[in-house]
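Trainee: Hi! Could you walk me through this one? I have the sequence and the 3D view open.

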Amino acid sequence: MMLSAGPARLPTEEGLRRKLVPRQIAMMAIGGAIGVGLFLGSTVTIRLAGPGVIVTYAIGALIALVMGYALAEMAVVHPVAGSFGVFADRYLSPWFGFVVRATYAFVQILAIGAEVTAVAIYFSFWFPGVPPWLWVVGMAVALVAVNTAQVGVFGELEYWFALIKVVAILAFIAVGLVLATGIGPWSATGFHNLVAGPGGFLPNGWRGVWLAVTLVITSYMGIEGIAVTAGEAEHPETSIPRAMRTMVLRLIIFYVLAISVMLTMTPWNQLAEGGSGITGSPFVRAFAAVGIPYAAGAMNLVVISAAVSSANCNLYLTTRMLLSLARSGYAPGWLASVSHAGVPLRAVAIASAGMASAILLAVFAPASAFLTLYGTAVAGMLFIWIVILFTYLRFRKALAPEQLARLPIRMPAHRAAACFGIVSLLAISATTFFVDGLQYSVVSFLPCLAGMSIMYARKRGSAT
């Protein structure tokens, strides 16, 4: 039985099938989070912070931990596909409920485009003469095929996609530690690269560490997928808390350890080569630099699977958010339909528009396509996370003591933790103005927010 936080329980999503099991939910959240931000975007964060980026990832992990707990608590009480958008509608206002869902759908569509564009960048490692748009088209077709399958099939495929990169990251960490300690035929590289490079551990000071947070925090964005899957999760009251605990712990271990190992293998300034014009993954460059045969090619295959997995998960999340908007009356009613297999096919078609944008960018602006898409989505996700934490504070206030006692998962010092998350995210938003490529992220998001508000006002006006 689901917990109820108020006089009326939020509705379930009619037509969707509860086919997602805990291992799939956890891997989907990991699959959504571990993607371009770690494998490709870490080039920029290393350039900003040097080895100090390890501290940056630890800061991001604290904020992500707060977010994970908040989402898990609310999703257990209200296991619906619209998740935090529906929560905001109830606990803040209908306007917040609309703009959060609309923003999330918009951001995820852009993220899909960024991920498939990254696939084209990765393939150029092997096939530099092939036009990038061919890889983008191929990935787009494959992703649409997977997302039109039954949700159980999708969940199983995404589980194995995500597992590939989890195993690869663990292998990368193991190999890096072997090289650092000198086990086997290789001489020990030691840990001197963390402090012996240009500028030492903090080449750009603590300012560089904080500036890098603006990009590192996006590496953790995707954990909100746990809440979105609640509408199709088997036994969400147990599967969601379990998935959240394992997912956040794994993300922290993977990110902090993987980045640390990579920086011990190769001097940070070599990994940061390329600056804002990203040409490949620093993970691949790290393996190439130490001279392990075929390791760079194998790692490139892994980062391709990581990008595909993340894009696949993002397409799923987008369709469920569009479905929620339609069923709440904020999007055309025809988007609310679900096939006999429990798949919102029309929402999948609309969400695929992001891949069409990526194809155009790959053709006309291949060098800047990734950062263009990636930077545009940052402000929107920061806004969403801030609203989620405000929603969580209102949610906790609405819970009766007996309901709180029955929660299977609770955030310690929830009020202080949520306030820490809100203040941190506001500070990160302000910092984007000082980061190359992100200066206009917040500014460009504001007209989008105004446009969504006008759409909301017109929709509400026509309804009355």
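Mentor: Happy to: we will go through salt bridges, a pocket, a surface patch and a few single residues. Keep in mind that this is a predicted model.

Trainee: Got it. How many salt bridges does the structure hold?

Mentor: There are two salt bridges. In one of them, the side chains of Glu73 and Arg396 meet at 2.7 Å, N to O. Glu73 sits in helix 4 (residues 53–77) and Arg396 in helix 18 (residues 369–398), so this pair ties together parts that are 323 residues apart in sequence.

Trainee: Is Glu73 buried or exposed? And what about Arg396, buried or exposed?

Mentor: Glu73 counts as buried, because its relative accessibility is 0%. Arg396 is also buried, at 11%, since the cut-off for buried is under 20%.

Trainee: And which side chains meet in the salt bridge at 3.2 Å?

Mentor: Those of Arg101 and Asp89, again counted N to O. Arg101 is buried, at 0% relative accessibility, whereas Asp89 is partly exposed, at 23%.

Trainee: Changing topic: what volume does the largest pocket have?

Mentor: About 250 Å³. It is lined by 14 residues, and Phe98, Ala102, Leu325, Met452 and Met455 are the ones nearest its centre.

Trainee: Which helices supply at least two residues each to that lining?

Mentor: Helix 6, helix 15 (295–327) and helix 21 (441–463). Helix 6 gives the largest share, with five residues.

Trainee: What classes of residue does the lining have?

Mentor: It has 13 nonpolar residues, one charged residue and no polar ones.

Trainee: OK, now the outside. Which residues form the nonpolar patch on the surface?

Mentor: Phe125, Trp126, Phe127 and Leu301 form it, and together they have about 380 Å² of accessible area. Take Phe127 as an example: you will find it in the loop between helix 6 (94–123) and helix 7 (132–147). Its relative accessible area is 37%, so Phe127 counts as partly exposed.

Trainee: And which helix is largely enclosed by the rest of the structure?

Mentor: Look at helix 3 (residues 42–49): seven of its eight residues are buried, so the rest of the structure largely encloses it. Among the buried ones are Ser42, Val44, Ile46 and Leu48. Just after helix 3 comes Gly50, with a positive phi of about 65 degrees.

Trainee: Which residue has a positive phi although it is not a glycine?

Mentor: Ala413 does, with a phi of about 45 degrees. As background, most residues other than glycine have a negative phi. Ala413 lies in the loop between helix 19 (401–406) and helix 20. With a relative accessible area of 59%, Ala413 is exposed, because exposed means over 50%.

Trainee: Last one: where is Ala430 found?

Mentor: In helix 20, which covers residues 414–431. Ala430 counts as partly exposed, at 42% relative accessibility.

Key
Residues are numbered from 1 along each chain as its sequence is written. This is a predicted model: local features need pLDDT of at least 70, side-chain atom pairs count only at pLDDT 80 or more; totals for chains, interfaces and linings use all residues. Side-chain values use heavy atoms; hydrogens and water are left out. Patches are made of residues with over 30% relative accessible area and no salt bridge: like charges are joined within 9 Å, nonpolar side chains (Val, Leu, Ile, Met, Phe, Trp, Tyr) within 5 Å. Accessible areas come from the Shrake-Rupley method with a 1.4 Å probe; for residues, only the protein chains shown count as cover. A salt bridge is a side-chain nitrogen of Lys or Arg within 4 Å of a carboxyl oxygen of Asp or Glu. Helices (H or I, at least four residues) and strands (E, at least two) are DSSP runs, numbered from the N terminus. Buried means under 20% relative accessible area, exposed over 50%, partly exposed in between (1.4 Å probe, protein chains only). On a 1 Å grid over the protein atoms alone, a cavity is a set of points where a 1.4 Å probe fits but cannot get out, and a pocket is an open set with protein on both sides within 12 Å along at least five of seven lines; lining residues have an atom within 4 Å of a point. Grid points are joined across faces, edges and corners, and a volume is the space filled by probe spheres set on the points. Ala, Val, Leu, Ile, Met, Phe, Trp, Tyr, Cys and Pro count as nonpolar, Asp, Glu, Lys and Arg as charged, and the others, Gly among them, as polar.
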